[in-house]
Amino acid sequence: MADKGTEKVQKEAKASAISYARAWGESPVPPALLATLIAAQHARPPQFLPLLFPPALLFSTYLNINEYKIDAAGTSAAWSALYLLLARRRKHPLMQKWGTRGIIRGATMGLCVANLLGGGFVYAIGKRSNDASGKDGAKII
């Protein structure tokens, strides 16, 4: 049986992890950073399918700045998941994984996972305040 001090620490740690995920999902910076990394990777030589992702992620940032945080979180999570699926299909030899491009690719995929988790969490728990059906006025409660 755990004592009250241990339970309190566990509860604070859980609340802290939830608050970090929520703050990550509500922030406009992660989708913009992800769009920058994706564009940097696929601009030279131009790869047109991966270059479709930065405008969508920047639109998610635009939504977030205009106070549509739930919609922005869902959009960011969806596009991050799609890019993660696309990026996982490419296979690289072991020596290329530790070069500059490999490290940037790994950071991009890690940021995709963080956006997927944080944005998905905010989208899942977000409540809209104006409409009973939940279509207008995204406000996180």
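Gln41 is buried in this predicted model, with a relative accessible area of 11%, where buried denotes under 20% relative accessible area, exposed over 50% and partly exposed the range in between (1.4 Å probe, protein chains only). The residue lies in helix α2 (residues 29-42), helices being DSSP runs of H or I of at least four residues, numbered from the N terminus. Residues up to four places away in sequence aside, Gln41 touches Tyr83, Arg101, Ile104, Arg105 and Thr108, contact being defined as heavy atoms within 4.5 Å. The model is predicted, and local features need pLDDT of at least 70, side-chain atom pairs count only at pLDDT 80 or more, and totals for chains, interfaces and linings use all residues. Residues are numbered from 1 along each chain as its sequence is written, and side-chain values use heavy atoms, with hydrogens and water left out.

Tyr83 also belongs to the largest nonpolar core, which has 11 residues, among them Leu34, Ala35, Phe53 and Met109; such a core is a set of buried Ala, Val, Leu, Ile, Met, Phe, Trp, Tyr and Cys residues joined through side-chain atoms within 4.5 Å. At least two residues of this core come from each of α2, α3 (53-65), α4 (69-88) and α6 (100-125). Ala35 is in contact with Pro54, Leu57 and Leu58, its neighbours within four places in sequence being left aside.

Two loops carry backbone features of note. In the loop between α2 and α3 lies Pro45, which is joined to Arg44 by a cis peptide bond with omega about -15°. Glu67, in the loop between α3 and α4, has a positive phi near 70°.
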